[in-house]
Amino acid sequence: MSQIVLKMEGINKSFGDAKVLKDVPFELKHGEVHALVGGNGAGKSTLMKIMTGVYTLDTGKIYVDGEETVITKPLDAKNKGIGMIFQELSLIQTLTVSENIFLGNEIINHGMRDTKAMNQKSKEVLDKLGIDVDPDTRVDTLSVGMSQMVEIAKAVSKDAKILVFDEPTAALSDSETARLFEMIGQLKKEGVSMVYISHRMNEILKIADRITILKDGEHVITEQISNMTLDKIVSYMMGGSQGGGSKFEWVEREYDQNAPDVLTVEHLKINNKISDISFSLKPGEILGFAGLMGSGRTEIMETLFGLRPKLGGKVFLEGKEIHVKDTKGAVKAGFALIPEDRRKEGLVLIHTIKHNATLSILDKLTKKKVFLDEKKANAIVNGNMKQLNVKAEGINQEIGLLSGGNQQKVVIAKWINSSPKVMMLDEPTAGVDIGAKGEIIKIIRSYADQGHGVLFVSSELTEMMAICDRIITIFDGRITGEMSRRDIKSEEELQNAIQRSE
Ligand SMILES: Nc1ncnc2c1ncn2[C@@H]1O[C@H](COP(=O)(O)OP(=O)(O)OP(=O)(O)O)[C@@H](O)[C@H]1O
Ligand SMILES: [Mg+2]
């Protein structure tokens with residue numbers, strides 16, 4: 001079956017002076033999974049937001065089932081059976097799972113919202129997708145991964161025949177990702193057509209039927225996935241200039257193994273499960289925590305950063321015991337945390353790039369405690385933008401308007417600027433394109449080279465293998481092993497170590 005369910009022709013879109021999409025075509029066949037790929041800021045989310053009525057096109061045409069269709073608001077798209085799972089989670093934090101699923105679609109009985117019926121129906125959808133969450137739970141108590149699954153359930157519950165997934169797996173664990181892929185396979189069988197945006201090329205090669213690649217707002221190629229390879233995709237994305245960006249080579253780093261610890265953690269207790277964590281970190285060392293989602297990696301970092309109370313144990317920074325009560329105290333002591341979910345702790349979206357990138361060093365930039373040293377701030381932030389290759393109109397642009405990957409780069413800049421003694425990174429490259437990933441890894445390594453300590457968590461083992469000097473494995477809240485990077489021969493070996501419970 002190769003019936004075309006949706007076609008976009010000559011799509012143009014500008015924001016102010018910035019031309020973001022230039023004559024872009026796009027086509028979706030019945031029951032296909034169509035990957036949409038390109039570097040950060042290439043225009044993927046924008047193209048899909050035009051298709052779903054979040055943005056309106058400047059010029060161009062959209063056909064649904066062969067019929068020219070005007071889509072100027074989300075309702076137009078919804079009426080045509082088009083749904084989208086957004087890159088930025090769109091759930092309302094203070095509502096329950098089921099209230100979110102039925103938002104704008106409430107079941108009304110005798111003029112009242114029928115919570116019971118909505119919970120019941122939500123449960124059906126969640127069960128069908130194998131998502132284990134009580135529909136009555138408030139969304140702000142869910143993990144990032146679980147919120148993402150609920151977001152997907154919400155879109156699927158509307159019986160869409162076209163579904164757009166914008167980086168659905170950036171916050172998912174391996175098992176959640178596997179479940180999502182099963183779900184996509186199921187929807188495909190039901191004849192749903194899907195657009196799948198991701199920076200994880202292995203996922204694209206695994207589940208897509210066709211691929212469209214964008215570069216700087218222009219269409220590069222649309223092709224059967226069977227005619228593509230990883231190297232080909234990367235070279236189309238990067239314009240042939242950075243084909244090597246997809247490979248991260250580990251290079252052994254030098255640091256003084258006998259130097260006194262920059263960080264020592266003794267018998268840290270966070271809750272009943274994570275109750276005895278001990279490790280140490282040398283200046284200049286990059287220490288990775290490897291484990292499954294939910295193993296406790298994030299919680300350890302959050303506790304050191306004062307986001308969770310410490311129930312027991314001791315923490316020493318440069319040999320001195322510290323008692324961190326909140327994040328302010330943690331920053332003051334010399335910690336930084338680049339969080340898994342930038343929306344929760346990383347950025348103020350309505351503020352400028354400059355404001356966000358200097359948030360962590362305001363006191364250092366403030367003259368006589370009143371005025372911001374604009375010149376110095378500008379120099380620092382312009383330097384960040386260049387170093388991290390942030391795509392934006394300028395440092396005074398509102399950060400919420402940047403593409404997802406570019407926002408993440410600003411989070412990294414913000415914390416590098418604060419020059420912490422111990423930098424903690426939790427999935428720092430989620431949503432970052434393959435070229436910039438290599439850049440970020442280089443930046444983290446050079447930060448460590450200056451004698452700072454780095455704690456690193458990533459669910460992408462390739463990345464752990466490329467960056468860490470030493471890796472501690474965690475299973476279900478317990479440290480189960482420790483390996484020097486030098487001794488790890490393959491990714492499989494690390495994978496196996498992570499899955500062992502003792
Ligand atoms: N509302 C907006 N106002 C101004 N500029 C915008 C707006 N939305 C997007 N842009 C700009 O349009 C360009 C394309 O952004 P888009 O979000 O489509 O990229 P993307 O391909 O999805 O990237 P990523 O992989 O990082 O998510 C970027 O330069 C971005 O800053
Ligand atoms: Mg995007």
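Author: Please do. This is a predicted model, in which local features need pLDDT of at least 70 and side-chain atom pairs count only at pLDDT 80 or more, while totals for chains, interfaces and linings use all residues. Residues are numbered from 1 along each chain as its sequence is written, chains are lettered from A and ligands numbered from 1 in the order in which they are written, and side-chain values use heavy atoms, with hydrogens and water left out.

Reader: Which residues lie nearest the centre of the largest pocket, and how many line it?

Author: The lining has 47 residues, and L401, L402, S403, G404 and Q407 lie nearest the centre. A pocket is an open set of points on a 1 Å grid over the protein atoms alone, where a 1.4 Å probe fits, with protein on both sides within 12 Å along at least five of seven lines; lining residues have an atom within 4 Å of a point. The space in the largest pocket is about 1100 Å³, a volume being the space filled by probe spheres set on the points, which are joined across faces, edges and corners.

Reader: Which element supplies the largest share of this lining?

Author: Helix 15 does, with five residues. Helices are DSSP runs of H or I with at least four residues, numbered from the N terminus.

Reader: How do you know that the length of helix 15 agrees with its number of residues?

Author: The expected span is 1.5 Å times one less than the number of residues. The 14 residues of helix 15 (residues 404-417) should therefore span 20 Å, and the end C-alpha atoms are 21 Å apart, which agrees.

Reader: What is the volume of the second largest pocket, and which residues are closest to its centre?

Author: Its volume is about 670 Å³. Of its 25 lining residues, R200, N202, E203, E460 and T462 are closest to the centre. Helix 7 gives the largest share, five residues.

Reader: From which domains does the lining of the second largest pocket draw at least three residues each?

Author: They are domain 1 (4-245) and domain 2 (261-334 + 455-502), with bounds from an automatic or database domain assignment. The C-alpha centres of domain 1 and domain 2 lie 34 Å apart.

Definitions and conventions: Helices (H or I, at least four residues) and strands (E, at least two) are DSSP runs, numbered from the N terminus.
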